[in-house]
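Please read the points below with the model open beside you.

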Amino acid sequence: MHRAAYAHLGLTDWRYDRRECREPELAPLLASLDETWRGLSLTMPLKEEAARLATTVDAVAQEVGGANTLVRRPDDGWDAYNTDVHGISQALRAAGITDVESVLLLGSGATARSVIAAVAQMGATLVTFATRSGTRPETLAYARSLGLVAPEADLDQVAARVPRHDLLVNTLPGTAADPVAATLADLRPLPALFEVVYEGWPTALARTFAAAGSPVASGLDMLAHQAARQVELMTGRSVPAAVLLDAARSALG
């Protein structure tokens with residue numbers, strides 16, 4: 001996506017590559033990068049560590065406790081940003097999901113906190129957490145700090161809880177939500193779905209909700225919108241998210 005953005009902008013001397021980095025390795029990695037490095041995109045589990053290591057942290061990243069973007073400062077430090085919240089909001093709107101009061105949220109990690117920030121901005125007043133081993137305390141505290149009602153449930157209770165919510169959001173990795181999809185196969189109507197997963201599309205949840213005629217927002221849409229914002233932060237130039245989305249769809253086949 002970033003390479004497609006550079007090509008669109010005519011930035012022929014810019015490169016974007018992938019590097020594996022574990023959490024304890026992030027600090028030495030940052031120290032090893034010379035001035036030719038303009039920025040980094042970060043995935044879990046690096047988002048919290050990135051915010052801790054940065055010179056400055058933008059308000060959204062501070063709120064959610066995680067940054068997915070680092071941008072080089074003139075003094076060789078790093079500014080941390082969270083573009084996930086922007087990506088989530090734009091992905092929901094692109095799918096026609098604009099009226100959200102109650103959300104059933106699968107998972108409670110850093111991505112879940114970005115979801116909470118986005119839906120709170122859209123007017124949500126209730127977020128129910130459905131997890132296997134309990135909601136992360138910092139995520140529960142964050143939801144309640146925004147004034148949201150935030151009950152907890154087990155993943156086995158999702159089918160019973162779904163009818164009381166406007167939106168189901170899955171932040172669980174890989175195929176972890178497939179068993180949940182199986183419990184919803186014959187349930188009608190179903191609310192809107194935001195599926196953060198973007199590989200192996202359509203997921204079991206996406207197929208189930210689409211079959212019920214519900215709006216479905218994909219993680220790929222979120223990825224494109226948040227990456228477009230990253231490109232703007234790193235290059236100082238804006239690019240349509242559609243350029244990045246087309247490139248991502250082509251890469252995934």
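1. Angles under 35 degrees count as roughly parallel, over 145 as roughly antiparallel, 65 to 115 as roughly perpendicular, and the rest as oblique. Helix H11 (residues 219-235) packs against helix H12 (residues 241-252) at about 130°, with the axes 8 Å apart. The two helices, H11 and H12, are therefore oblique to each other. Axes here are lines fitted to C-alpha atoms, for helices over the stretch in contact, and angles run from 0 to 180 degrees between N-to-C directions. Helices (H or I, at least four residues) and strands (E, at least two) are DSSP runs, numbered from the N terminus.

2. On provenance: this is a predicted model, in which local features need pLDDT of at least 70 and side-chain atom pairs count only at pLDDT 80 or more, while totals for chains, interfaces and linings use all residues. Residues are numbered from 1 along each chain as its sequence is written, and side-chain values use heavy atoms, with hydrogens and water left out.

3. Which residues make the contact between H11 and H12? From H11 they are Leu-220, Asp-221, Ala-224, His-225, Ala-227 and Ala-228, and from H12 they are Ala-241, Leu-244, Leu-245, Ala-248, Arg-249 and Leu-252. Contact means heavy atoms within 4.5 Å. By class, this contact of H11 with H12 has nine nonpolar, one polar and two charged residues. The classes are nonpolar (Ala, Val, Leu, Ile, Met, Phe, Trp, Tyr, Cys and Pro), charged (Asp, Glu, Lys and Arg) and polar (the others, Gly among them).

4. An open sheet of six strands has the order E7-E6-E5-E8-E9-E10, with parallel pairing. Its edge strands, E7 (152-154) and E10 (216-218), each pair on one side only. The twist averages 20° from one strand to the next. Two strands pair if DSSP finds at least two bridges between them. E8 (residues 167-170) and E9 (residues 192-195) run parallel and are joined by four bridges; Val-169 stands opposite Phe-194 in E9. H11 packs on this sheet and touches E9 and E10, its direction making about 50° with that of E10.

5. Five bridges join E5 to the parallel strand E6 (residues 126-131), where Phe-129 is the bridge partner of Leu-105.

6. A four-strand open sheet has the order E1-E3-E4-E2 and mixed pairing. E1 (39-41) and E2 (56-57) are its edge strands. E1 is joined by three bridges to E3 (residues 69-72), running antiparallel, and Leu-40 has Leu-70 in E3 as its bridge partner. H11 lies across E1, E3 and E4 (78-81), at about 15° to E3.

7. Buried residues of helix H10 (residues 204-211) are Ala-204, Leu-205, Ala-206, Thr-208 and Phe-209. Their cover includes E5, E8, helix H9 (178-184), E9 and E10. Just after H10, Gly-213 takes a positive phi of about 80°.

8. Asp-84 is located in helix H5 (residues 84-94). At 6% relative accessibility, Asp-84 counts as buried. Apart from neighbours within four places in sequence, Asp-84 is in contact with Lys-47, Asn-68, Ser-114, Met-222 and Gln-226.

Terms used: Buried < 20%, exposed > 50% of the residue type's maximum accessible area, 1.4 Å probe, protein only.
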